[in-house]
Amino acid sequence: MTAYLKIDHIDKSFERGGARTDVLKDVTLTIDKGEFVSIIGHSGCGKSTLLNLIAGLTRVTAGAVLLENQEVNAPGPERAVVFQNHSLLPWLTVYENVNLAVAKVFAGKKSRAEKHEWVMRNLDLVQMAHAKDKRPAEISGGMKQRVGIARALAMEPKILLLDEPFGALDALTRAHLQDAVMEIHSRLGNTMIMITHDVDEAVLLSDRIVMMTNGPAARIGEILDVPIPRPRDRIALAADRTYLKSREAVLKFLYERHRFVEAAE
Ligand SMILES: Nc1ncnc2c1ncn2[C@@H]1O[C@H](COP(=O)(O)OP(=O)(O)O)[C@@H](O)[C@H]1O
Ligand SMILES: [Mg+2]
């Protein structure tokens, strides 16, 4: 069987002014359809670079990204990205921001009425239909992230790529949005890849956690399975053995890598 998403022996280097930085070295990972995978690692190790390669926003130096056996080498609506800082257009309303993506992706495929219905359905999914006529400056950070998620989902992506989507939010808002994403994932069954540096968030949301070594030339250090049945409840999990063991495994990985870097300097 061929993998749904295959990250196949990827290297990524950046060159600037004759200087070369090797960011990723020999990264290989396969992800199944419907899986929720988190990527965790210290700041600067190359997590966003890896996500951008999957998004097609950056080109690989060596290796390939394959989605259903097709090589990815440009951005596409089947791989929608949600960034940490919402990238909504400030002069458009919530509705118009989502509609812009819908109009582009479904041009000639959905009627005007169908597009309207689809925008509203996706705003409903993130509980933002009530704010459809507001502009980004008039809503909270958490609400902006919800709209960003609605916009990404409205493209009906095969894969949703989330780059620290809750990183700029307060703890309560973050918890609400994590629950919203878990619910959307269970309802739509889509494949999600999320970058985080929050250990609890990674364990709560993921089927697997990919732990990256420190850069330069970062690799996948370990992959942890999180065999906790869904739906998951954050309060019940606080005392769950599997949850606590998973959490400990990630903390150990990050802590040991961290020490390793300090010792090497
Ligand atoms: N466009 C770029 N040009 C040069 N270097 C880059 C570029 N993008 C990222 N890098 C470098 O790649 C490394 C990894 O960055 P990044 O993927 O953003 O890390 P993370 O998301 O894990 O914090 C950093 O050292 C960063 O400076
Ligand atoms: Mg990053």
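Author: In this predicted model, domain 1 and domain 2 bury about 1,100 Å² between them, and 77% of that area lies on carbon and sulfur atoms. The size of an interface is often given as the accessible area lost when the parts come together. Contact between the two involves 16 residues of domain 1 and 12 residues of domain 2. On the side of domain 1, Pro157, Leu177 and Ile184 lose the most area to domain 2, together 38% of what that side buries. Helix H5 (residues 171-188) gives the most to this side of domain 1, with 8 residues.

Because 5 of the 5 residues of S3 are buried, the strand is largely enclosed by the rest of the structure. In a regular strand the side chains alternate between the two faces of the sheet. Both faces of S3 are covered: one side carries Phe36, Ser38 and Ile40, the other carries Val37 and Ile39, and all of these are buried.

S3 also has strand partners. With strand S8 (residues 191-196) it pairs in the parallel sense over 5 bridges, and Val37 has Ile193 as its bridge partner in S8. S3 and strand S9 (residues 208-212) run parallel too, joined by 4 bridges. In S9, Met211 stands opposite Ile40.

Salt bridges make up the remaining part of the picture. Side chains of opposite charge can pair when their charged atoms come close. The structure holds 15 salt bridges. One of them joins Glu68 to Lys158, with the closest N and O atoms 2.8 Å apart. This pair links distant parts of the chain, 90 residues apart: Glu68 lies in the loop between strand S4 (62-67) and strand S5 (70-71), and Lys158 in the loop between helix H4 (141-154) and strand S7 (159-163). Glu68 has a relative accessibility of 38% and so counts as partly exposed; Lys158, at 36%, therefore also counts as partly exposed.

Another salt bridge is formed by Glu78 and Arg79, whose closest N and O atoms are 3.0 Å apart. Glu78 is partly exposed at 26% relative accessibility, whereas Arg79, at 5%, counts as buried.

Asp133 and Lys132 form a further salt bridge, the closest N and O atoms being 3.2 Å apart. Asp133 is exposed, since its relative accessible area is 54%, while Lys132 is partly exposed with 27%. Elsewhere, Glu15, Arg20 and Asp22 are joined into one network by salt bridges that share partners.

Conventions
Residues numbered from 1 in each chain as written. Chains lettered and ligands numbered in written order. Predicted model: local features only at pLDDT ≥ 70, side-chain atom pairs only at ≥ 80, totals over all residues. Heavy atoms only, no water. Salt bridge = Lys/Arg side-chain N within 4 Å of Asp/Glu carboxyl O. Helix = DSSP H or I, 4+ residues; strand = E, 2+ residues; numbered from the N terminus. Buried < 20%, exposed > 50% of the residue type's maximum accessible area, 1.4 Å probe, protein only. Pairing = 2+ DSSP bridges. Contact = heavy atoms within 4.5 Å. Buried area = accessible area lost by both parts, 1.4 Å probe.
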